[in-house]
Amino acid sequence: MFSLHQSPPPLVHPDGQQVMELIPEPFLILDGDHRVVAANQAAADLFSQTRGMLMGQGCQELLFGLSGACPGDDACPLTLQPGEVRVSEQRVEARNHQGRSRPLKIRLSRMAGDAEGLVGLQLLAENGGQESKGAETSQVVGRSSAMSRLMHVVERVAPTSATVLLLGESGVGKERVAEHLHRCSERADGPLVVVDCSALGEQLIEAELFGYEKGAFTGADRRKIGLFEAAQGGTLFIDEVGEMPLAMQSKLLRALEASRIRRVGGTDYIDVDARVVAATHRDLGAMVARGEFREDLYYRLAAFPVDIPPLRERREDIVALAEHFLEQAGGAHQLPLSRSVAELLTEYPFPGNVRELKNIISRAAILAGSGPVLPEHIAFQSRQGPAAPPAREDREMRADGNTLPFPPPRRTRNGLTRERIRAALEASDGHRAEAAQRLGVSERTLYRHLQRLSEVD
């Protein structure tokens, strides 16, 4: 795999394009005249152009908003010597949907011995302006078809005023998606305020959302504004809204319907202008049927529901996410991940989703220290991880009457045995896609294991 900290491949061919799509950040390759010869989809999205439109554009026009050709080696800030890697802070004229330019850092690299003078440019968003703290590290990573569909939906609803309900299992990255929605909205210059209902009791939720007046309750020695007011002109992200008590649900509904709130202990109503994005891992429809969630609030929040797929349904994103988390953990020197580690990760179902992957990679980075991350550094956190071969004392009879230890069944990293694979294929009438689904692996993974097992027959 191509590392973000190494130079780009010397030739741009279909395989090279596929490798570029694994890079989550916008990435360009320029030729010796500093004109674009390759770009990933993230770069096309950044510049609001297609990849075809980017081809042939020069550095002055595309990156700096200037007319004319590249000024040449003596004046162009993108000039590199073979083998050089450098991070340069530039203001790139990449226009967003509101027509504003974005300040970006540019990581430049050039292969040693590259006579063609190809230069790789990785464009990294800065943490400036009104963006929330940690915006650069909280980006949504992934170029799988499932994530592309999700981002398309999010970016379509972002410029509107619709209330959005994010649905998905625990750990899929609902807060990251909410942050991306906020940054793509007309409220991007306003604050993004987060409240987690699962961590607060009923009285605390009310005080946090609506604020309180001095003397409203014991310990209220001063006035405090609530998160609705703090999110004025921006976005209020209400996480785990399914944990909100019924009595508080009616108060939230009134605030959403009237766009005004009243502080705890206060008498005056305060107008608020905050877009609400809610999230939950629970089945709110079932909760409504059981009387645990208000039906009217459910329909108000679910004006635009968005389902976030679990990590097991977008395995193509696992390696890109793992390398992203490894870089966050200070393991940039350990990139890229080896093929054995990548295969080990992609074969695991990740019941804890992206959160579990992040914890696994953080631990692996610590264990690896100054060396590369190896398979033995990967420790899965659930019982669904790769199983160790069982100790068996079964014996087989030789023709001469003596016995030999019977070898244990060949077992793959995710615990699949020949018997399990054969049983799944038989139950699926030989249909590999259905058998892979029964086994909880991808069809490609099942095919690879069948090849390995056939080699020892």
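Q: In this predicted model, over the face of which residue does Arg-260 lie?
A: A charge counts as sitting over a ring if CZ of Arg is within 6 Å of the ring centre and within 35 degrees of the ring normal. Arg-260 is placed in this way, at 4.4 Å from the ring centre. The residue whose face Arg-260 lies over is Tyr-269.

Q: How many aromatic pairs does a search of the whole structure find?
A: Rings of Phe, Tyr and Trp pair if their centres lie within 6.5 Å. With the whole structure searched, the number of aromatic pairs is six.

Q: Are the rings of Tyr-298 and Tyr-299 stacked, tilted or edge-to-face?
A: A pair of aromatic rings is described by the distance of the centres and the angle of the planes. The centres of the rings of Tyr-298 and Tyr-299 are 5.2 Å apart, and the planes stand at 55°. Planes under 30 degrees apart count as stacked and those over 60 as edge-to-face, so the pair of Tyr-298 and Tyr-299 is tilted.

Q: Is Tyr-299 buried or exposed?
A: The relative accessible area of Tyr-298 is 23%, which makes Tyr-298 partly exposed. For Tyr-299 the relative accessible area is 55%. The cut-off for exposed is over 50%, so Tyr-299 is exposed.

Q: What kind of pair do the rings of Phe-350 and Phe-380 form?
A: The ring centres of Phe-350 and Phe-380 are 6.3 Å apart, and their planes are at 70°. An angle over 60 degrees counts as edge-to-face. The pair of Phe-350 and Phe-380 is therefore edge-to-face.

Q: How many residues apart in sequence are the parts that the pair of Phe-350 and Phe-380 ties together?
A: Phe-350 lies in the loop between helix H13 (339-346) and helix H14 (353-368). Phe-380 belongs to the loop between H14 and strand E15 (395-397). The pair therefore ties together parts whose separation in sequence is 30 residues.

Q: Which residue do ring pairs link with Phe-350 and Phe-380 into a cluster?
A: Both Phe-350 and Phe-380 are buried. Ring pairs link these two residues with one further residue into a cluster, and that residue is Tyr-348.

Q: What is the phi of Phe-350?
A: Phe-350 has 0% relative accessibility and so counts as buried. Although Phe-350 is not a glycine, its phi is positive, at about 50°.

Q: What value is phi of Asn-353 near?
A: Asn-353 lies in helix H14, and at 0% relative accessibility this residue counts as buried. Asn-353 is a residue other than glycine with a positive phi, near 60°.

Q: With the side chain of which residue does the side chain of Asp-296 make a polar contact?
A: Asp-296 is part of helix H11 (residues 295-301). Its relative accessibility is 36%, so Asp-296 counts as partly exposed. The polar contact of its side chain, at 2.7 Å, is with the side chain of Arg-294.

Q: How far apart in space are Asp-296 and Ser-250, C-alpha to C-alpha?
A: In sequence, Asp-296 and Ser-250 are 46 residues apart. In space, their C-alpha to C-alpha distance is 9.0 Å.

Q: At roughly what angle do the axes of H12 and H13 cross?
A: Two packed helices are described by the angle between their axes and the distance between the axes. Ile-318, Val-319 and Ala-322 in H12 meet Ala-342, Leu-345 and Thr-346 in H13. H12 passes H13 in a right-handed crossing. The axes of H12 (residues 318-328) and H13 come within 9 Å and cross at roughly 115°.

Q: The backbone nitrogen of which residue does the side chain of Glu-323 reach?
A: Glu-323 is found in helix H12. At 11% relative accessibility, under the 20% cut-off, Glu-323 counts as buried. Its side chain reaches, at 3.0 Å, the backbone nitrogen of Leu-337.

Q: Which residue does a cis peptide bond join to Leu-335?
A: The omega of this cis bond is about -5°. The residue in question is found in the loop between H12 and H13. The cis peptide bond joins Leu-335 to Pro-336.

Q: Which residue takes a positive phi just after H7?
A: Helix H7 (residues 202-210) has buried residues Ile-205, Glu-206, Ala-207, Leu-209 and Phe-210. Among the elements covering them are strand E7 (192-196) and helix H9 (246-258). Just after H7, a positive phi of about 80° is taken by Gly-211.

Methods. Residues are numbered from 1 along each chain as its sequence is written. Side-chain values use heavy atoms; hydrogens and water are left out. Buried means under 20% relative accessible area, exposed over 50%, partly exposed in between (1.4 Å probe, protein chains only). Helices (H or I, at least four residues) and strands (E, at least two) are DSSP runs, numbered from the N terminus. A polar contact is a pair of N or O atoms within 3.5 Å; within protein, one must be able to donate a hydrogen and the other to accept it, and residues adjacent in sequence count only if both atoms are side-chain atoms. Axes are lines fitted to C-alpha atoms, for helices over the stretch in contact, and angles run from 0 to 180 degrees between N-to-C directions. A crossing is left-handed if the near helix is turned anticlockwise from the far one by less than a right angle, and right-handed if clockwise. Contact means heavy atoms within 4.5 Å.
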